[in-house]
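Hi,

Here is the model I said I would pass on. Have a look at it first, and my notes follow below.

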Amino acid sequence: MSVFASLVEQLAGLLQPLFHGSATAAAIVVFTLCVRLAVHPLSRAAARGQKARTRLAPQVAKLREKHGEDPERLRRAVLELHAEEKVSPLAGCLPSLLQAPAFLLMYHLFSGGTMEGHSLLAAPLVGRWTDALADGGVFGAAGLVYVALFVIVAAVATYTYRRTKGQMAEMGDGMAGGLGAGVGKVVPLLSFATLVTVAVVPLAAALYVVTSTAWTAAERAYLYREPSTV
């Protein structure tokens, strides 16, 4: 943890001439971008896997028609199809899983008060939205910082919702092997869960989440563009 804190402090020191009192917040953003850049190759692999699953959707739909009354047989058939086509159903999870340790470090570092005194404009990095509401309300000095974050997250979530919903529609009945068709209605809505996260975690962790979510939206727009060059 001390190594991580030292890294953030060093980045903040480099950024201090540009961002002054918000240098630590800027360092968190830079750190987040470095983490996302490091896992970008896995994101590219996940995009290729997603496109492959979309391509296989018609075959999965046929398997669903054939084995619809035998869920276990259907599951095995879908796994066999993915194995034959060298498509990993878990590839899309790897980027998120590798980011989890960095997020947890960020959360514990600031929730423990290790860097008490650092802020983003008027909002302390160790504080939460409830603290901002208690100190000036929604449109107080600290509250406005959260308003800006919520606007960014809502915009990104709306974009992600529309894109995910479109991808689910494109995969159709082949989604998840037909084993969880109802999930297709819920998954796009998970994009808005980030709003809750930003509201309850320390601001430092919220900055990580907002930056990472914005990166994900931009990355997916690039990787899934047409024509694809992934």
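This is a predicted model: local features need pLDDT of at least 70, side-chain atom pairs count only at pLDDT 80 or more; totals for chains, interfaces and linings use all residues.

Which residues of the largest nonpolar core touch the most other members? They are Leu120, Leu125, Val198, Leu203 and Leu207, out of 22 residues in that core. By nonpolar core I mean a set of buried Ala, Val, Leu, Ile, Met, Phe, Trp, Tyr and Cys residues joined through side-chain atoms within 4.5 Å. Buried is under 20% relative accessible area, exposed over 50%, and partly exposed in between (1.4 Å probe, protein chains only). Two or more residues each come from helix H2 (23-38), H7, H9 and helix H10 (203-223), and H10 gives the most, with seven residues. Helices here are DSSP runs (H or I, at least four residues), numbered from the N terminus.

Numbering runs from 1 along each chain as its sequence is written, and side-chain values use heavy atoms, with hydrogens and water left out.

Leaving out residues up to four places away in sequence, Leu207 touches Ala25, Ile28, Leu120, Leu125 and Leu149 (contact being heavy atoms within 4.5 Å). There is also a second, separate core of 10 residues, with Val8, Ala12, Ala26 and Ala27 among them.

H9 (residues 193-200) has Thr194, Val198 and Ala199 buried. These sit on the same side of H9, because they cover an arc of only 140 degrees around the axis, taken from the directions from the helix axis to the C-beta atoms.

Now the charges. The whole structure has one salt bridge, meaning a side-chain nitrogen of Lys or Arg within 4 Å of a carboxyl oxygen of Asp or Glu. Arg36 pairs with Glu219, and their closest N and O atoms are 3.1 Å apart. With Arg36 in helix H2 and Glu219 in helix H10, the pair ties together parts that are 183 residues apart in sequence. Both Arg36 and Glu219 are buried.

Ala47 is in helix H3 (residues 40-67) and counts as buried, at 1% relative accessibility.

Cheers
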